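Open the structure in your viewer and keep the selection tool at hand. Each stop below says what to select next and what is there.

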Amino acid sequence: MRKLLTFCLVWMIVGMAKAAPLDTIVTPTGLMTNLLTKPEISVITTLVPTFSWIVPTTGSHDHQTAYQLLVASSMAALEGSSPDVWDSGKTKGRNALHIPYAGKTLQPYTTYYWKVRVWNEGGEPSEYSKIQQFNIGDAARSKQWPGESRWVRLDTMQDQGMWTFEDRPPIQYHPAYPVRLSRKSNGTWFVAFERAGFANVALTLNWKTAPSERKDTTLYIRIGEKNVGDSIDSNPGGGVIYQEYTLPIKAGMHTYYLDIPRFKARYPHSQVMPIHMMEVIPFQFLEVVGSDLDVSLVSAEQLSLHVPFDECASYFVSSDTLLNKVYDLCRYSIIANTFNGDYAASQRERMMYEADAYIHQLGHYAVDREFATARYSLENMIYHATWPTEWISHSIMMVWMDFLHTGDTSVILKNYDDIRPKLMDALTMPNGLISTTTGLITDEFKKSIFFNGKTLQDIVDWSHSSDALPQGGETDNYVFTDYNTVVNAFHYHTLRLMEHMARITGKQQEAEQFQKTHTRLYTIFQRQFFDSERGVYTDGMGTDHASIHANLYPLVFGLVPKKERNRVLNYIKSKGMACGVYSANYLLEGLFDAEEGEYALSLLTSKSDRSWYNMLLVGATMTTEAWDNKYKKNNGWSHAWSSSPAHILPRKLIGITPTSAGFRRVSIKPQPSGLTWAKAKIPTISGAIEVGFDSQPIDFKLMVSLPANIEADVYIPIPEHVKDFTLLQNGKLVKGAMRTGNYILVKDIGAGKHEFALGVTNQTFQ
């Protein structure tokens with residue numbers, strides 16, 4: 001895997017320096033049907049699918065001006081450009097996303113094929129794209145409530161004989177091979193794979209016996225996530241996996257799979273593997289025990305289960321080797337934890353929680369051009385609410401992020417009425433704040449947010465203190481009161497998101513009401529929670545305790561007045577990483593947004609026991625559920641909610657951020673933060689964006705590669721002490737560039753490859 005990633009990285013970096021000749025008209029790529037990148041191995045339950053593609057970049061031709069889309073019932077018809085189902089004709093427009101089907105009525109349980117060509121700004125048509133297959137299943141299923149899904153066999157459409165999901169990518173077993181193999185003096189084989197995965201194993205064994213002695217016997221197979229030299233740690237502690245299984249074998253050479261006991265659901269929405277698939281469990285190491293037998297280990301394959309993944313879709317690499325390892329750890333964790341086909345991470349739980357899924361969603365968007373897994377997960381979470389108060393808010397946040405990253409309004413339009421109650425404004429007290437402890441959580445309210453438990457509980461962070469954990473747990477000794485600062489910060493944030501979504505759905509009157517409510521809440525929030533003498537936010541009404549959480553959430557959600565920002569930031573920075581892996585996502589986002597990149601980078605590369613370095617140090621190859629076993633007694637080594645650096649590094653440190661839905665417009669605002677160089681590639685629905693910088697004491701170079709149909713506002717960082725400078729774009733002097741704070745802003749950069757070179761001509765040192 002790492003060799004493949006290295007190849008992809010080298011190929012991409014070389015590619016950044018090359019541009020297509022102006023007269024080269026390449027074809028559309030990245031075809032999607034209903035947001036599925038591989039619809040040929042899935043099933044769609046609508047008769048009106050949508051089609052998307054990546055517009056080719058051809059020199060100075062930045063935008064699509066028209067397209068022609070063909071759909072046919074056979075490959076042969078489409079290869080001859082004789083569509084028998086739909087021919088859109090030459091259709092003017094720049095949009096290449098979510099084009100709705102508009103041909104003859106599609107038939108259930110039928111396979112179709114499509115392709116597209118586009119016209120560029122010069123009026124020249126491209127060649128047709130490669131053909132993509134899609135399968136229509138039971139269209140009546142789309143009328144059922146969102147979030148429900150089932151397995152179907154593709155041979156209902158064609159004779160493929162494989163099981164797949166409806167409306168989302170199927171999970172598949174991906175083989176990996178040993179990186180270390182040895183046999184001990186007692187005959188035990190030890191196998192080490194590169195990384196842990198939610199996996200089964202294919203073992204090919206050769207049991208050599210005399211004909212007269214041939215009979216079945218049993219070996220023992222041990223698997224685990226932690227090793228001690230060439231042995232598996234049988235007592236790894238916390239929730240780290242160690243298991244032993246029996247394996248019946250026969251004489252001669254045969255291939256065997258583990259009969260892992262089926263996972264038993266422990267939580268309300270825990271998910272179990274479908275009966276037609278082998279069970280999996282996370283492991284990196286394996287032992288074959290049979291000291292009294294002459295057994296040769298011919299081969300061992302770790303069969304990791306997860307959704308399809310394009311290894312070349314993303315990368316991050318920098319001058320800091322530890323930071324690179326942190327990114328790689330998090331990037332891998334995001335994919336490995338899709339073993340359920342959704343964001344139900346962790347071997348112990350195997351269920352989705354809204355906050356976990358939200359962080360997983362952001363990470364998945366940042367590492368692969370794949371949106372259907374997130375869409376299924378968010379719609380499932382809408383109808384399976386969990387118990388933490390702030391988690392309810394995350395359903396609204398997930399819907400918004402789907403829109404921001406896909407540019408598709410359908411999820412907002414379809415789910416608006418069901419996410420509207422998740423604002424929890426039904427819990428608003430006369431003082432304008434919401435509370436879960438003042439008697440307003442009625443059965444009617446619980447039903448409105450699709451919650452079937454007893455009651456909501458404010459969480460702030462996880463885990464909480466207990467006899468087995470340090471005082472305060474991961475909440476920095478947060479004092480819980482009836483009116484919780486963190487809960488009301490989330491309420492403010494989601495009110496603003498609902499205002500935007502109300503305008504998108506045409507509910508202008510409701511949008512105005514949301515605006516009035518969050519404007520009023522902003523004032524109330526300052527009055528009730530801000531301690532003006534100390535310059536900090538307290539945990540809630542009735543306490544003067546000020547945790548890091550009570551301050552980082554107002555910071556990230558835009559609740560800190562500009563005049564108070566430095567005092568709040570200084571307090572946050574005095575705390576270090578005094579929060580758990582969940583809140584670390586918001587802490588880092590808030591710090592980067594406040595242009596505190598150097599401090600944020602120090603947390604990302606910290607070597608304390610509250611760090612990603614510590615996860616690597618103890619031997620985990622997926623991000624862990626908590627910083628260390630000491631902070632959570634059942635801490636597992638397979639949890640994606642702590643993988644936030646995978647999206648924070650490209651979005652915040654490299655600075656690639658969408659400023660309009662579907663990445664039609666982006667901001668590129670790097671924060672070098674002491675790094676001498678860094679490069680990143682982030683996939684978007686409109687194509688990949690690559691950005692790299694080289695930061696030297698008296699000059700700075702920024703390389704930007706943008707796909708077609710995207711425009712960017714590019715910010716080139718400049719030190720505070722610099723007074724005069726020159727800025728070149730692709731070797732030509734940029735005139736009239738605006739200085740904004742510690743950046744120079746160059747607006748409206750189009751598709752293609754650009755190099756910005758900043759030269760310092762005058763410095764004034766403080």
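**Before you start**

This is a predicted model, in which local features need pLDDT of at least 70 and side-chain atom pairs count only at pLDDT 80 or more, while totals for chains, interfaces and linings use all residues. Residues are numbered from 1 along each chain as its sequence is written, and side-chain values use heavy atoms, with hydrogens and water left out.

Helices (H or I, at least four residues) and strands (E, at least two) are DSSP runs, numbered from the N terminus. Two strands pair if DSSP finds at least two bridges between them.

**Stop 1**

The order of the three strands is S1-S2-S6, and the pairing is antiparallel.

**Stop 2: Met75**

Go to helix H2 (residues 75-79), where Met75 has its place. Is Met75 buried, exposed or partly exposed? Buried means under 20% relative accessible area, exposed means over 50%, and partly exposed lies in between (1.4 Å probe, protein chains only). Met75 has 35% relative accessibility and so counts as partly exposed.

Which residues does Met75 touch, not counting residues up to four places away in sequence? They are Tyr113 and Ile131, where contact means heavy atoms within 4.5 Å. Select Thr111 as well: its C-alpha atom is 9.9 Å from that of Met75, although the two are 36 residues apart along the chain.

**Stop 3: helix H11 and two partners**

Select helix H11 (residues 549-556) and helix H12 (residues 565-575), which pack at an angle of about 135° with their axes 9 Å apart. Axes are lines fitted to C-alpha atoms, for helices over the stretch in contact, and angles run from 0 to 180 degrees between N-to-C directions. The angle makes H11 oblique to H12. Angles under 35 degrees count as roughly parallel, over 145 as roughly antiparallel, 65 to 115 as roughly perpendicular, and the rest as oblique. To see the contact, show Asn551, Leu552 and Leu555 of H11 with Arg565, Val568, Leu569, Tyr571 and Ile572 of H12.

**Stop 4: Glu595**

Move on to the loop between helix H13 (581-593) and helix H14 (597-604), where Glu595 is found. Its relative accessibility is 39%, so Glu595 counts as partly exposed. Leaving out residues up to four places away in sequence, Glu595 touches Lys669, Gln671, Asn742 and Tyr743. Of these, Asn742 is 147 residues from Glu595 in sequence, but their C-alpha atoms are 9.5 Å apart.

**Stop 5: helix H16**

Select helix H16 (residues 645-653). Why is H16 largely enclosed by the rest of the structure? Nine of its nine residues are buried, so the rest of the structure largely encloses H16. Among the buried residues are His647, Arg651 and Lys652. Just after H16 comes Gly655, with a positive phi of about 90°.

**Stop 6: a sheet of five strands**

The open sheet here has the strand order S24-S25-S29-S33-S32, with mixed pairing. Its edge strands are strand S24 (656-658) and strand S32 (738-740). Inside the sheet, strand S25 (residues 665-668) and strand S29 (residues 711-717) run parallel and are joined by four bridges. Val666 has Ala712 of S29 as its bridge partner.

**Stop 7: a hairpin**

Select strand S30 (residues 722-729) and strand S31 (residues 732-733), an antiparallel pair with two bridges. Leu728 stands opposite Leu733 of S31. The hairpin has two residues between the strands, and Asn730 takes a positive phi near 50°.

**Stop 8: the cores**

A nonpolar core is a set of buried Ala, Val, Leu, Ile, Met, Phe, Trp, Tyr and Cys residues joined through side-chain atoms within 4.5 Å. The largest one has 137 residues, of which Met501, Tyr553, Tyr586, Trp612 and Leu653 touch the most other members. A second, separate core has 27 residues, including Phe193 and Trp207.
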